[in-house]
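Welcome, and please open the model in your viewer. We will go from stop to stop, selecting a few residues at a time.

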Amino acid sequence: DSGAWATDMTNEELAQKWLGSRNDMEAVVYFGAGNRMLVVNKAGLVTPLALSPYETNLQKCLIYLDDIHTRGSDFRLSAGTRAAVTLGRGMQKDKLVQTCMRMRLLGNGHSVCFYASDEVDRQIKACRPPSSGTVVPRGKGTLASRGKLHHLPAILSWCLANTAKSTAEKLPYWASQGMTQFCKKRAYERFNYQDADELGLLADACAQREVIALAEMYGHGRVQEPIPTVVEAMYQQRQ
């Protein structure tokens, strides 16, 4: 559940509800309080996975990974296992890759399918290139040309676009941190911190404004500018 869809129930409640809809499975493995791996069976009995008969054989188990545990968790899954990956708003490349790689044999016995909300589905469709209209005979061509991976390029493009957007939005903050470090470095070069007379001047040079008037922040027009221009303007304000 890398898309964090399950927000109105606990992991145990979701596991029991999911198990109730699957007559072909005996139990569900999930993470409980304290990051403990637990397993619940048809009778509602909850036991630690390490003490259950399913520890070495998960073929009759469903596995639910909440958003937090789509990174770092590791299970011995048999070949032929399939995962359903939920896609959340603004999902980035690293999170998608980490989630899909819970399937250690991905492409060599393991597979994944994707679920998206209407909003995310529309965003993904916008990333899909126009169809060439080429018809591939049944049973011929690659997996992608036969439609097996029809949505994957668009999903990857959508994740990469989210990653690029998130990185671009953070650039001004990183630049601001770098400028603050630069100003402090210059202050230490100008003033002697071991001199009591200059210690106050050093503190004033390193101090950052914590109170900014709303008119100063929003009382002017806004235009797009390159990052270097923005940083230069921020530096001039600090002088």
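**Stop one: the cysteines**

The structure holds zero disulfides, a disulfide being a pair of cysteine sulfur atoms within 2.5 Å. Select cysteine 61: it is in no disulfide, and the nearest cysteine sulfur, in cysteine 113, is 19 Å away. Cysteine 61 is buried, at 8% relative accessible area; buried means under 20%, exposed over 50% and partly exposed in between, with a 1.4 Å probe and protein chains only. Next, select cysteine 159, whose closest cysteine sulfur is that of cysteine 100, at 8.5 Å and so too far for a bond. Cysteine 159 counts as buried too, with 1% relative accessibility.

A word on the model before moving on: it is predicted, local features need pLDDT of at least 70, side-chain atom pairs count only at pLDDT 80 or more, and totals for chains, interfaces and linings use all residues. Residues are numbered from 1 along each chain as its sequence is written, and side-chain values use heavy atoms, with hydrogens and water left out.

**Stop two: the sheet**

Switch to a cartoon view and find the open sheet of four strands, ordered β3-β2-β1-β4 with mixed pairing. The edges are β3 (46-48) and β4 (61-63); each has a single partner strand, so one side of each has no neighbour in the sheet. On average, neighbouring strands here are turned by 30° against each other, direction ignored. Helices (H or I, at least four residues) and strands (E, at least two) are DSSP runs, numbered from the N terminus, and two strands pair if DSSP finds at least two bridges between them.

Now colour β1 (residues 27-31) and β2 (residues 37-41), which run antiparallel and are joined by five bridges.

Follow the chain through the β1-β2 hairpin, with five residues between the strands, where glycine 34 takes a positive phi near 75°. β2 and β3 run antiparallel and are joined by three bridges, with valine 39 opposite threonine 47 in β3. Their hairpin has four residues between the strands, and there glycine 44 takes a positive phi near 85°.

**Stop three: two rings**

Select phenylalanine 31 and phenylalanine 75, an edge-to-face aromatic pair with 6.3 Å centre to centre and 70° between the planes. Rings of Phe, Tyr and Trp (its six-membered ring) pair if their centres lie within 6.5 Å; planes under 30 degrees apart count as stacked, over 60 as edge-to-face and the rest as tilted. Phenylalanine 31 lies in β1 and phenylalanine 75 in the loop between β4 and β5 (82-87), so the pair ties together parts that are 44 residues apart in sequence. Phenylalanine 31 is buried at 8% relative accessible area, and phenylalanine 75 counts as buried at 12%.

**Stop four: an asparagine in a helix**

Finally, go to asparagine 162 in helix α4 (residues 152-190), which counts as buried at 15% relative accessibility. Which residues does asparagine 162 contact, leaving aside neighbours within four places in sequence? Show Gly90, Met91 and Gln92. The backbone oxygen of methionine 91 lies 2.9 Å from a polar atom of the asparagine 162 side chain.

Note on methods:
Axes are lines fitted to C-alpha atoms, for helices over the stretch in contact, and angles run from 0 to 180 degrees between N-to-C directions. A polar contact is a pair of N or O atoms within 3.5 Å; within protein, one must be able to donate a hydrogen and the other to accept it, and residues adjacent in sequence count only if both atoms are side-chain atoms. Contact means heavy atoms within 4.5 Å.
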